[in-house]
Amino acid sequence: MQILYIHHLLLFGYVFRLNLLKLPVVQATTLKMQFMLLFSRQGKLRLQKWYVPLSDKERKKISRDLVQTILARKPKMCSFLEWRDLKIVYKRYASLYFCCAVEDQDNELITLEIIHRYVELLDKYFGSVCELDIIFNFEKAYFILDEFLLGGEAQETSKKNVLKAIEQADLLQEEAEAPRSVLEEIGLT
Amino acid sequence: MYFYNVNELYRAMSPSVPLQEMIRAIRSARTQCEERGVIQRECAAIRAQFRQADNGGRSHNLAKLLYVHMLGYPAHFGQMECVRMIASPRYSEKRVGYLGAMMLLDEKQDASLLITNSIKNDLSHSNQYVQSLALCTLACMGSAEMCRDLAPEIDRLLRASNSYIKKKAALCAVHIVRKVHDLGGVSCIASSGGTPSDNSIPRREPNSVLHGAVVLIIELCERNPETLERFRKTVPDLVQIMKGLVLSGYSPEHDVAGISDPFLQVRILRLLRILGHNNEGASDAMNDLLAQVATNTDSTKTVGNAVLYETVLTVLDIKSESGLRVLAVNILGRFLLNNDRNIRYIAMTSLQKIVGTDHNAVQRHRGTIVDCLKDQDASVKRRALELSLALVSASNVRSMMKELLLFLSSCPAELKAHAASGIFNAAERYAPSQRWHIDTILHVLTTAGGDVRDETVPNLIQLITNASELHCYTVHKLYRALLTDISQQSLVQVACWCIGEYGDLLLRGECQETEAVQVTEDDVLDALETVLQSHMSSPATRGFALTATMKLSTRITDNVDRIRSIVSIYGSCIDVELQQRAVEYNALFKKYDHMRAAVLERMPVIEKNSPGHTNGESTGEAIKDIQPAKVKQGEPLLPPQPANQVCDLLDLLGGSEETLQPCPAVGAPAPGLLINTASTAGGDLLDLLGVLEPAPLAPAPTVPVYEKDGVTLTLSCEKQCDTGLTVTLTASNSTDSDISSFTLQAAVPKSVQLHMKAPSGDSLPARRTAKVTQMVVLNNPNKVNLKMRVRISYTSQGSAFQDTVQIDSFPGLDAAGQ
């Protein structure tokens, strides 16, 4: 009886091994930014960039909850907080909160630097940027962000190069929107 | 008709307004209703514009729609317009179209597939800015199918394009690797990923490309251990690049507060960490560099600290030499003293990770950590609490506990429960004396009694019964606490129990350990009655009080009549539980008075998790064996091979990493314990103490662990010794057909030894006519968290069945498996 059991276990142990493919160990060290939100002190969203697939409803819910949580924090508090299963890094610049959600635990400090770099880029582009600039030129804010971050990771570490690229792209856009005659504009031609 | 300016003309001829006008109009709306009105008008106009074939303002219309979407209004009708705009030849339209795609389309929408072709075309566009748009969009919202389709394109762009595109292609590849898990796609990227920077001379590539390449390599190495091996040979190159960054002079383009390209530095350090993890050779190669970075980096600004932080994390994760490790821990110590709260926070997070392995090093900073308990910020407080609890040891327990108790009285509500249970655990492990232990628990109960877990009461009672010489002291203290405050239920319950049990000591008046107070019988009964009658007392508390009153009838002499009257009053109480007790006690007074003294005498010392649940049964076979065979330490167990294979299974059992590994020899694995404070075993101790009625001990707990298709499996366990445990599995079959070839296999965590005894049989007749029992003897020398996975297989009506069940909690054991 005893021998039978060892045998069984050998057999089944083997089967166990086959059935459960040993997947390579995925060390959770990826620093993936899931989303970035910019919002005012009244909780109005000024920019939202999502790097994970979520439905509109889910995005709205997350934004609402997170904005409430951050607005409830006192001024001198830590810039990092654990929220759901994400690490949130946020910083307030004048009347705007810049908030990033990263997946991993490590190095929140460099995320702060990323936020800071983005603010610097906006500042250089708009010349002393303020919230109104971002409201009325929101698409430009997105374009700048897309030139700085790609898929949630920093793509260009030199400020100069990012701004140069934006400049070129803007020129290209202007050429594309070549001036048309007034008549063309109002559809009479 | 006159038009005063072009704007007016424009407005007159077309119903919609330019983007900025619209934004202004929306912002000037004074009410939500007004805003909605403006937006509805605009959306109608936009929709009309979309339907027109071609008009010059398409990009502006879409931009308007995107703004409206950002305010939270529905904009799905813009999805097809995005698709159309992306396909347009004009750059301005493409730009807004792609932006719209990223905002309105996500991979779950069907429309997102329609842009795959456009992206494909744009990836080969002559203009790099168009290519850039496509790459950006793909990396932001590309679904798995899109990624699979376009992987070859990205591959091509990685190899043969200018650096502007190459850096973007690298990050796009990262996204692809994350989405597409099959190795076929990944390996094609892997082979190309190997080429860009590391085999060619590194310094020729601009930093941005290096950055992208490093991120890509990190991603690949994490997904595939073979790739990791392959890239290990790039460590010298990476070290060179890093040295260049650290020691180079000022580079205006990449400089941030004196650090040259911190983003790239941090990424390289992370890659080095992955490559050096568990590998001596690689770790040696980077030792010098890490030391250099750690000493040369300026730490006055956040950016310098970011690099230092990454360095520290790397040092702690590779096989670094001890001097380097000490350096790293010292850096963390310096962080702890930093004025910036953020830095303190991350320092504590890192120290938490190494408190198990480098316990002594962390102990050196205990003072600072304890100071952080007083910080204003809740996140910092939380971290400090975790770390402080981990640092409690036999030598510092008194001082630490003082600080922790101080913290408990002022800590935020969400941390109270955690703090209380942490303190209990620490007290239990390191109590220098029983009296100190009892004092500590009492202190916690008075400050945070509402937040302690339920099993605290029986645990405390058990502790008290064990400290026989302190009964007098304890009951005096509890009595005094009861007089001051009867709102903390746990405290009141324990106090009532003690007064009932040791009332005679209380009345005797003298006590060595504490100053004596003259207590009369009336005083005591008054106190108990107050508890009984107070609306603050929960039903359970009142039960305690009533039983205590009853017990006093044998311990006091004069006021037995008073007790009799109290008890009979409650015979008509609305609460059924109390009523039942009162009636029973009444009966004790009347019919069974001769038994009363015996029934109410002093309780025996309660052993923790005693195995002797001999009375009663629910599944007879399980309990029949009152003396199961003792497990010898060196007992021959299963041949190692199958055990390993079965144990491999256990790696995937999940649960916390820490608890499945054997505890390190040095330093107490306090974090592991802390994490598992959500214990489940209080229930059975409570059964033991019952509700202090003189009823027989509760029957041995037998827990059903599996029930499916008529097959039931129950489990009960008995402790043999400190680390040994016998688990009995009983199976029965309630279907109408017999079951044959019934077998059980079991698997347990790696450090636990398992020995399955022969089962009583392998057939389960129908309708529960007979059962099959099998005993499993476990030995848990490292006292890890005990889990077991049981595989059930049998044949019924000619077909074979198989199922697996995981058992996480064992009746009769507390959370630590002890």
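Guide: Residues are numbered from 1 along each chain as its sequence is written, and chains are lettered from A in the order in which they are written. In this predicted model, local features need pLDDT of at least 70 and side-chain atom pairs count only at pLDDT 80 or more, while totals for chains, interfaces and linings use all residues; side-chain values use heavy atoms, without hydrogens and water.

Visitor: Why are helix 18 of chain B and helix 19 of chain B called oblique to each other?

Guide: Their axes cross at roughly 140° and come within 9 Å. Angles under 35 degrees count as roughly parallel, over 145 as roughly antiparallel, 65 to 115 as roughly perpendicular and the rest as oblique. The two helices are therefore oblique.

Visitor: Which residues of helix 18 of chain B meet helix 19 of chain B?

Guide: With contact meaning heavy atoms within 4.5 Å, they are Asn305(B), Leu308(B), Tyr309(B), Val312(B), Val315(B) and Leu316(B).

Visitor: What makes Cys573(B) count as buried?

Guide: Buried means under 20% relative accessible area, exposed over 50%, partly exposed in between (1.4 Å probe, protein chains only). Cys573(B) has 12% relative accessibility, so it counts as buried. Cys147(B), at 0%, is buried too.

Definitions and conventions. Axes are lines fitted to C-alpha atoms, for helices over the stretch in contact, and angles run from 0 to 180 degrees between N-to-C directions. Helices (H or I, at least four residues) and strands (E, at least two) are DSSP runs, numbered from the N terminus.
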